Amino acid sequence: MEHTVKKRPNDILLQSKDLYDYILKTSVYPREAAPLKQLRDATANHPLYFFGTAPDAGQLIAMLLKLTNAKKTIEIGVYTGYSLLLTALTIPEDGQITAIDVNRETYEIGLPIIQNAGVEHKINFFQSEALPVLDKLLEDGENDGSFDFAFVDADKGNYWNYHERLMKLVKVGGLLVYDNTLWGGTVALPEEAVLESKRVGREFTIQFNKLISEDPRIEVSHASVGDGITSCRRIS
Ligand code: SAM
Ligand code: CA
């Protein structure tokens, strides 16, 4: 079947668009579950379509979920739900996802597709700023170390605040995954070479990457997939 490459969710980091198209056409689109494609299509004309997790990054996240046998997960930053649906389709039937986003309207764009896919029962959606939800979870000691997996794809200025809280909620041996950690490649450019609109995010991302690289409680893999994906395995 022929798969066409239309709008892409994120800036691509690979030097050649042809190479990125090759990856999508060869390894990603032919294996993408039908509801995920529907969700991408439903998002394609939304003004913030580029928020959606890149499908090649999604494929990596699904692999990480499988490899860690993740059952109880937390997601910060849902938008229309590409990574959320991907997670719901990947974890077991009795798995649970705590999903947090300040915006319920965008979640509702993807919700009918999530419902049709028969996985809504795995999702507990909180319309809220993420920090208060994480702090509430931490008030109950039973939640400490109870999550297998976390995916963070929201406001970059809070990534370290999320990390500090998720390091308590995710179990030792569990995985914390952060999206957009190369910020369109701008982390390696001098500030003056970067568009004004990208500078604040670039600065947050550089600071976060430095803190992560110095955190002795985790093992790290920083992959140039999608817009940069940092996976942290909690070791203490
Ligand atoms: N993972 C999503 C996907 O695959 O489509 C994309 C998430 S999008 C890049 C970022 C989301 O984070 C937006 O929907 C935004 O409303 C949400 N967000 C931003 N700041 C937030 C905060 N402080 N707390 C919770 N959600 C937030
Ligand atoms: Ca993202």
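Helices (H or I, at least four residues) and strands (E, at least two) are DSSP runs numbered from the N terminus. The model is predicted: local features need pLDDT of at least 70 and side-chain atom pairs pLDDT 80 or more, whereas totals for chains, interfaces and linings use all residues. Residues are numbered from 1 along each chain as its sequence is written, and chains are lettered from A and ligands numbered from 1 in the order in which they are written.

In helix 2 (residues 34–43), the buried residues are Pro-35, Leu-36, Leu-39, Arg-40 and Thr-43 (20 or more other C-beta atoms within 10 Å of the residue's own; exposed, 12 or fewer; partly exposed, in between). These lie on the same side of helix 2 because they cover an arc of only 145° around the axis, taken from the directions from the helix axis to the C-beta atoms. Ala-34 and Asp-41, on the other side of helix 2, are exposed.

Helix 3 (residues 55–67) packs against helix 4 at an angle of about 35°, with the axes 10 Å apart. Gly-58, Ile-61, Ala-62, Leu-65 and Lys-66 of helix 3 meet Tyr-82, Ser-83, Leu-86, Thr-87 and Thr-90 of helix 4.

Ligand 1 is surrounded by 21 residues, the closest being Thr-53, Gly-77, Tyr-79, Ser-83 and Ala-154 (C-beta atom, placed from the backbone, within 6 Å). Helix 4 (82–90) and strand 2 (96–101) each supply at least two residues of this shell.

Methods:
Axes are lines fitted to C-alpha atoms, for helices over the stretch in contact, and angles run from 0 to 180 degrees between N-to-C directions. Two residues are in contact if their C-beta atoms, placed from the backbone, lie within 7 Å.
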